[in-house]
Amino acid sequence: MSEELFPEPEWLSEEVKTGTTIIAVTFDGGVVLGSDSRVSAGESVVNRVMNKLSPLHDKIYCALSGSAADAQTIAEIVNYQLDCIKHEEDDPLVCSAATLVKNISYKYKEELSAHLIVAGWDRKKGGQVYATLNGLLSRQPFAIGGSGSFYINGFVDAEYRKNMTKRESQEFVVNALTLAMGRDGSSGGVAYVVTIDKDGAEEKCVLGNELPKFFDE
């Protein structure tokens, strides 16, 4: 009986598990996106501080979940396509970016394992958030995704309020990420936050010791 000279390691043959927590919310004048930073494969954490908030354009970002390679590839393709659009006309619309993501996700839904939330600000409709799961395109006041989202559905439904201020929206995102990272074994690390309005995008990293606490020490 022949044997493989180089047998496949067990950690490569097991099913790859993906997990994360991503969130985006509109406020009166813009949007706030957030994500955890842990990337895992199987039972191993391969990156503790990956920024899962990827710029698609100056005032349009996407939050990545699912396969890191698939999600990054979609974001890079859309970023290139939007750069081409910019040379032909004014700054692209958020809906246009979300539609590009949706089209790729739907066309290759059998091959790709990725869910992107697209959010940003444009001159026509202000702050917008779009979910694009498996080719779906849905504009929502807020959206959550990833394995950690199951733990915070009740929190975001209870705490979200229409026309929140920028600061309230930032606190909403950081609190949601903190609760998800405290419960979901596939989410963790630091919290990345991007705030986008008519003046541009502001990126921030909230370290673990700066995250809020929801218990008495």
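A search of the whole structure finds 4 aromatic pairs. In one of them, the ring centres of Phe142 and Tyr160 lie 4.9 Å apart with the planes at 45°, so this pair is tilted. The structure is a predicted model, and the protein has 5 helices and 12 strands.

**Aromatic residues**

- Phe142 counts as buried because its relative accessibility is 16%.
- Tyr160 has a relative accessible area of 18% and is therefore buried, since buried means under 20%.
- Phe142 also pairs with Phe172: the ring centres are 6.3 Å apart and the planes stand at 70°, so this pair is edge-to-face.
- Phe142 and Phe172 are both buried.
- One aromatic cluster is formed by Phe142, Phe155, Tyr160 and Phe172.

**The protein as a whole**

- The protein has 217 residues, of which 45% are buried.
- Among contacts in the protein with a separation of 6 or more, 64% are between residues 24 or more positions apart.
- The protein exposes about 12100 Å², and carbon and sulfur atoms supply 48% of that area.

**Helix α5**

- Helix α5 covers residues 166-183 and has 18 residues.
- From its first C-alpha to its last, α5 reaches 26 Å, close to the 26 Å expected at 1.5 Å a residue.
- The buried residues of α5 are Ser169, Phe172, Val173, Val174, Ala176, Leu177, Thr178, Ala180 and Met181.
- An α-helix has 3.6 residues a turn, so residues three or four places apart point the same way.
- The cover over the buried residues of α5 includes the strands β1, β2 (30-35), β11 and β12 (200-206), together with helix α4 (153-159).

**Ile23 in strand β1**

- Ile23 lies in strand β1 and counts as buried because its relative accessibility is 0%.
- Ile23 and Leu177 are 154 residues apart in sequence, while their C-alpha atoms are 7.9 Å apart in space.
- Leaving aside residues up to four places away in sequence, Ile23 touches Phe172, Val173, Ala176 and Leu177, as well as Val32, Leu33, Gly34, Ala143, Ile144 and Val156.
- Among these partners of Ile23, Phe172, Val173, Ala176 and Leu177 are buried residues of α5.

**Thr20 and its annotation**

- The UniProt annotation "active site", from an unreviewed entry, covers Thr20.
- Thr20 is in the loop between α1 (10-13) and β1 (22-27).
- Thr20 counts as buried because its relative accessibility is 3%.
- Apart from residues up to four places away in sequence, Thr20 touches Asp36, Lys52, Leu64, Ser65, Gly145, Gly146, Ser147, Gly148, Asp184, Ser186 and Ser187.

- Asp197 is placed in strand β11 (residues 191-197).
- Asp197 counts as buried because its relative accessibility is 11%.
- The side chain of Asp197 makes a polar contact of 3.1 Å with the side chain of Lys166.
- A polar atom of the Asp197 side chain also lies 2.9 Å from the backbone nitrogen of Asp199.
- Not counting residues up to four places away in sequence, the residues that Asp197 touches are Phe27, Gly29, Gly30, Lys59, Trp121 and Lys166.

**Asn163 and its backbone angle**

- Most residues other than glycine have a negative phi.
- Asn163 has a positive phi of about 60° although it is not a glycine.
- Asn163 is placed in the loop between α4 and α5.
- With a relative accessible area of 54%, Asn163 is exposed, because exposed means over 50%.

Note on methods: Residues numbered from 1 in each chain as written. Predicted model: local features only at pLDDT ≥ 70, side-chain atom pairs only at ≥ 80, totals over all residues. Heavy atoms only, no water. Helix = DSSP H or I, 4+ residues; strand = E, 2+ residues; numbered from the N terminus. Buried < 20%, exposed > 50% of the residue type's maximum accessible area, 1.4 Å probe, protein only. Contact = heavy atoms within 4.5 Å. Areas by Shrake-Rupley, 256 points an atom, 1.4 Å probe, with all protein chains shown as cover. UniProt positions renumbered as here; feature names shortened; annotations may be inferred. Polar contact = N/O pair within 3.5 Å; in protein donor to acceptor, adjacent residues only side chain to side chain. Expected span 1.5 Å × (residues − 1). Phe/Tyr/Trp six-rings, centres within 6.5 Å; stacked < 30°, edge-to-face > 60°.
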